[in-house]
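Here is a briefing on one protein chain. Look at the fold first, then read the notes by topic.

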Amino acid sequence: MREDARMGKWTEGLLTWGRARPWVVDGPLVALAVGVGVWGVYTDPEHEGGTWWGYALALAGSLPLLWRSRAPWAVLGLCAVPTSALSVVAHFAMPQIQVGMAVAIYTVADRGRDWQRAVVLTVTVLGNVIGTRSFSGMLFSMVVSVGSFVFGSLVRELRRLAGVEAERARQAGLRAASDAARAVGEERARIAREMHDILAHAVSLMVVQAEAGPLVVHSSPERAIRAFDAIADSGRDAMVQLRRVLGVLKEDSAAPALAPQPRLAELGGVLDRVREAGVAVDARIEETGPAEVQAAAYRIVQEALTNVVKHAAASRVVVRVEVRDGATLTVDVADDGTGPRVPAGIGVDGRSGGRGLLSIRERAAACGGSAETGPRPDGRGYRVAAVLPLNA
């Protein structure tokens, strides 16, 4: 593969160098055309050794090829006039293959405009039919001149196809870059949500336990010890989860793995820490579903329990994660708290949804589902409910 790439670069470099220096190709072509034309005049049986005007016409019919890349149509006209004159006044001085005219016709077929190419093809065919003195001579001239035109047209089409492929490759590269940038942005947003959920949950539990510890340190030392143990457990768990997430950012491979996703089987630790914070938890969880659905359900439950600990002043919370009709995973977290009351969809800080509730809705929507948050119908406590399709 390296050898092919090196050869491709070398070839492209050579072509670029050649396009910047057209005389590298045109110089030898002019020399060949002049040589063939002069030899035809020199061997003219009607004028032994040739004539000065014959040599002049042969040179005039070949030298303009030096400018064929810049003005193919004008060069063809400059070559055609002296070549036609030489054919009329000294027919036998014409070479068997008129190199100058063949190159000029090829250049117009390759680089000329459509109307120029049509004119050249028409005039070439009619000129060979009308101006040639024998049938065999006509066929030979037709093969040379029309063949030059066909070859130029083929090169023109190949160049067009190469341009199409190059543009297609450029567009594919732009799309790939756009897709990569979008994937990076989505993964950054996913990692940001993961870090928010991890830190918000852990810090909330630690704050609650830290506030409770001093209150019971004298009256109930054992409860204070449990509170400090819970703080330590929450901190250690948060560190473990953060290392998992941040480990993705340090990945050096060409195709790093996405951020590790939690599963419903890991909810037990979250529920235990909520219990340690003094909230009774009644949980029934079905640990099933695709990885992305389980991860969304895990984070929704975690965020809902974080809000319970931070804001609800609840004594009991009911958690249900269940499969319904084999098609959806339902998440329901309801507490009996008497904490701050806010309208459905409005965060406790007075803004629309708060970051935590917004995260819940985003996670549900990312799985093709939906989430609702708000006070319970009976007015006691708060409820978070989400429906996640299992076939998303």
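Predicted model: local features only at pLDDT ≥ 70, side-chain atom pairs only at ≥ 80, totals over all residues.

Residues are numbered from 1 along each chain as its sequence is written, and side-chain values use heavy atoms, with hydrogens and water left out.

**Overall make-up**

- The chain holds eleven helices and five strands. Both are DSSP runs numbered from the N terminus: helices are H or I with at least four residues, strands E with at least two.
- Of the 392 residues, 37% are buried. Buried means under 20% relative accessible area, exposed over 50%, and partly exposed in between (1.4 Å probe, protein chains only).
- Among contacts with a separation of 6 or more, 66% come from residues 24 or more positions apart. A contact means heavy atoms within 4.5 Å.

**The sheet**

- Five strands make an open, mixed sheet in the order β1-β2-β3-β5-β4. Strands pair if DSSP finds at least two bridges between them.
- β1 (280-285) and β4 (370-375) are the edge strands; each has a single partner, so one side of each lacks a neighbour in the sheet.
- From one strand to the next, the twist averages 5°. Axes are lines fitted to C-alpha atoms, for helices over the stretch in contact, and angles run from 0 to 180 degrees between N-to-C directions.
- β1 runs parallel to β2 (residues 316-324), with six bridges. Ala-283 sits opposite Val-319 of β2.
- Helix α9 (residues 267-276) packs on the sheet and touches β1 and β2. Its direction makes about 165° with that of β1.
- Helix α10 (residues 291-312) lies across β2, β3 (328-335) and β5 (382-389). Its angle to β3 is about 5°.

**The β4-β5 hairpin**

- β4 and β5 are antiparallel and joined by six bridges. Ser-370 has Val-387 in β5 as its bridge partner.
- Six residues lie between the two strands, and Gly-379 has a positive phi near 80°.
- Gly-379 is in the loop between β4 and β5. Gly-379 is partly exposed, because its relative accessible area is 45%.
- The C-alpha atoms of Gly-379 and Asp-336 are 9.2 Å apart, while the two residues are 43 residues apart along the chain.

**Helix α4 and the annotated segments**

- The 18 residues of α4 should span 26 Å at 1.5 Å a residue; the end C-alpha atoms are 26 Å apart, which agrees. The expected span is 1.5 Å times one less than the number of residues.
- Buried residues of α4 include Val-75, Leu-76, Cys-79 and Leu-86. The buried residues of α4 pack against α2 (23-42), α3 (52-60), α5 (99-111) and α6.
- An unreviewed UniProt entry places "transmembrane region" at residues 20-42, 49-67, 73-94 and 137-155. Such annotations may be inferred rather than shown by experiment; positions use the numbering here, and feature names are shortened.
- Residues 137-155 are 100% helix and 0% strand, with end C-alpha atoms 27 Å apart.

**Aromatic pairs**

- Rings of Phe, Tyr and Trp (its six-membered ring) pair if their centres lie within 6.5 Å; planes under 30 degrees apart are stacked, over 60 edge-to-face, the rest tilted. By this rule there are two aromatic pairs.
- Trp-73 and Trp-115 have ring centres 5.2 Å apart and planes at 65°, so this pair is edge-to-face.
- The pair links distant parts of the chain, 42 residues apart: Trp-73 in α4 (residues 72-89) and Trp-115 in α6 (residues 114-131).
- Trp-73 is partly exposed at 33% relative accessible area, and Trp-115 is partly exposed at 46%.
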